Amino acid sequence: MAASAGWLSTAEQDGSLRLNAGGRWETAALAELDAALRRIAPAPGRAVRIDLGGLTHLDTAGAWVIHRTVRELRAKGIAASLDNAAPAHAALIEAIARNDRPGLPGRKRPNPLVALLDHWGRAFVGGLAEVGGLLSFLGLATITALRALAQPGRIRIVPLFSHIEHTGLTALPIIGLLSFLIGVVLAYQGADQLRRFGAEIFTVNLVGVSMLREMGILLAAIIVAGRSGSAFTAQIGTMQVNEEIDAMRTLGLDPIEVLVLPRVIALVIVLPLLAVYSDLMGLLGGALMSWAVLDISLVQFMERLRGAVPVWSFWVGLIKAPVFGLLIALVGCRQGLEVEGSAESVGRQTTRAVVISIFLVIVTDAVFSIFFSAVGV
Amino acid sequence: MNGAVGNVVIRVAGLVTRFGTQVVHDGLDLEVRSGEVLAIVGGSGSGKSVLLRTILGLNRAAAGRIEIFGRDTARLPEAERRAIERRIGVLFQQGALFSSLTVAENVAVPLKEHTELPDALIAEIVELKVAMSGLPPDACAKYPSELSGGMKKRAGLARALALDPEILCLDEPTAGLDPIGAAAFDALIAGLRSALGLTVIMVTHDLDSLYAIADRIAVLVNGRLVTGTLAEMERMTDPWIHEYFHGPRARAAVAAGA
């Protein structure tokens with residue numbers, strides 16, 4: 001296909017403007033022809049005759065620009081006609097004309113400042129709606145849980161254990177490894193700084209307090225949010241797309257009871273266990289590093305730990321765990337149920353679930369910190 | 001109902017396709033002539049869609065030769081292959097619209113990728129193609145998730161027609177449409193074919209479509225194609241073909257077409 005073989009020439013004839021079109025008028029070569037046609041502006045009262053006799057090829061886009069030119073000239077009160085069109089070309093232009101319809105008015109671009117305010121406003125209101133939605137979902141889940149407690153037979157044991165396995169047992173390697181490494185890093189960095197004051201032994205306090213109070217549970221919660229919270233959204237969301245949730249409702253099954261409750265209970269049970277495990281692995285990493293760079297033996301480390309770090313530090317970390325588990329499971333399940341229609345929506349809600357649950361975990365952690373410092377532990 | 005039927009645009013010879021040990025096509029031959037509407041029919045799982053995908057280069061054939069516009073597609077350099085692909089429009093079964101783009105943006109994708117046209121002209125062409133596909137003007141700004149199944153197919157058709165292809169491939173174009181929508185879609189294809197001089201290859205289950213718009217029919221039985229006109233098909237002795245064209249539904253379609 002020769003790309004530039006379409007041409008257009010103009011000539012004056014008998015007091016009218018004559019346009020000769022020829023060659024291939026096809027989509028790929030239309031940019032210049034379109035620009036040339038748009039420039040045509042005959043003097044008022046002069047007729048325009050477009051001669052199509054030289055056309056060898058015409059496709060819909062070529063026919064469109066010819067049709068549009070004629071239409072626009074006529075709209076300006078200029079007589080315009082097509083001459084010498086081959087029957088096939090005339091038929092195509094005719095078919096195009098039948099499909100010409102007044103376009104919708106183009107969307108106006110708003111003022112950028114207004115658009116920015118609009119965006120912020122929507123984000124803020126959306127955030128509030130999210131909080132409201134989560135609270136009402138919490139209420140719904142609580143009511144369903146209470147109802148299930150009244151008839152314990154309605155708690156689904158098999159899915160519960162399956163979720164415990166998938167969220168807890170299979171997360172052990174990754175949580176163990178990451179906590180161990182964080183313990184190593186804390187001990188190494190702490191030792192490096194504290195050595196300058198001759199206070200290397202306080203490395204044990206640093207590792208112990210930060211691991212037990214904050215790092216252990218935060219690491220476990222963030223990994224679970226990324227691994228299992230997102231999985232909950234994807235599982236429930238896919239069911240939503242397949243209309244499985246609607247099918248459940250028509251079969252008289254409550255999706256909250258069947259899908260949400262086992263997942264929430266599973267995470268509330270699993271996350272404290274993972275937090276303890278994460279604490280242990282972090283301390284192990286810290287102890288090994290202290291031994292390596294500070295020559296503090298494991299026995300010394302344990303003794304120092306017992307003396308320096310109150311048992312409350314452990315409980316402070318652990319108390320938070322079920323709350324985080326509840327948050328992660330609720331957000332994951334709620335986002336899954338929010339999925340509508342398409343597979344794309346599953347992806348979007350999964351991302352939201354992870355972002356929202358990690359955000360909530362850290363905010364709640366901060367609230368706990370304030371609370372604990374107010375009560376003095 | 002025949003338009004000008006001309007030279008061979010697609011020739012498939014001795015095609016063999018396998019999935020593992022399962023042979024789908026066993027030495028299959030097919031010729032598609034310019035300007036005709038060829039319908040490929042066959043039972044579920046007989047490999048109709050696989051044949052279409054193999055011709056389009058989405059599946060690799062185990063053996064055989066596929067020529068499009070006289071060129072052997074297996075031996076073409078990348079650039080020429082792309083040039084040939086641009087002359088073929090494809091409508092997938094579910095429309096296969098890009099879900100993150102509006103209908104107008106979907107139709108504009110091939111125009112923006114493959115031409116140097118100014119945006120204003122692209123917008124005009126998009127509106128034209130959307131109109132030709134029988135969609136209302138307000139469909140342009142909608143996302144695929146907001147469209148019904150029939151509208152998705154029409155939008156997919158508008159995108160397939162964006163570059164004015166010479167060959168249009170349709171995979172189950174009327175599946176999932178109500179009878180009125182399916183008949184309207186058949187009429188749309190027939191109208192576009194005569195207005196644009198398209199060659200149409202369609203995979204279908206829909207007997208009404210066969211009787212309404214197909215010039216020739218290729219039936220896929222036992223990994224091979226039996227090709228002929230409707231009248232020839234009705235005289236075939238192969239049990240599956242006989243059952244297909246003489247079953248209760250076929251009689252209903254004949255009665256409706258008569």
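In the predicted model, the interface between the two chains brings 21 residues of chain A into contact with 20 residues of chain B. On the chain A side, three helices each supply at least two of the residues that touch chain B: helix 1 (30-39), helix 2 (60-75) and helix 3 (87-98). By residue class, this side of chain A is made up of 10 nonpolar, six polar and five charged residues.

Chain B contains 10 helices and 10 strands. Of its 258 residues, 41% are buried. Among the contacts in chain B with a separation of 6 or more, 68% are between residues 24 or more positions apart.

The largest nonpolar core comprises 96 residues. The members that touch the most other members of this core are Ala39(B), Ile40(B), Val130(B) and Ile201(B). Helix 4 of chain B (residues 119-132) gives the most to the core, contributing seven residues. For Ile201(B), when residues up to four places away in sequence are left out, the contacts are Val32(B), Leu38(B), Ile40(B), Leu52(B), Ile167(B) and Cys169(B). Another core, of 59 residues, lies apart from the largest one. Its members include Leu186(A), Leu261(A), Leu267(A) and Leu283(A).

Terms used:
Residues numbered from 1 in each chain as written. Chains lettered and ligands numbered in written order. Predicted model: local features only at pLDDT ≥ 70, side-chain atom pairs only at ≥ 80, totals over all residues. Contact = placed C-beta atoms within 7 Å. Helix = DSSP H or I, 4+ residues; strand = E, 2+ residues; numbered from the N terminus. Nonpolar A, V, L, I, M, F, W, Y, C, P; charged D, E, K, R; others polar. Buried ≥ 20, exposed ≤ 12 C-beta atoms within 10 Å, placed from the backbone. Core = buried A, V, L, I, M, F, W, Y, C linked by C-beta atoms within 7 Å.
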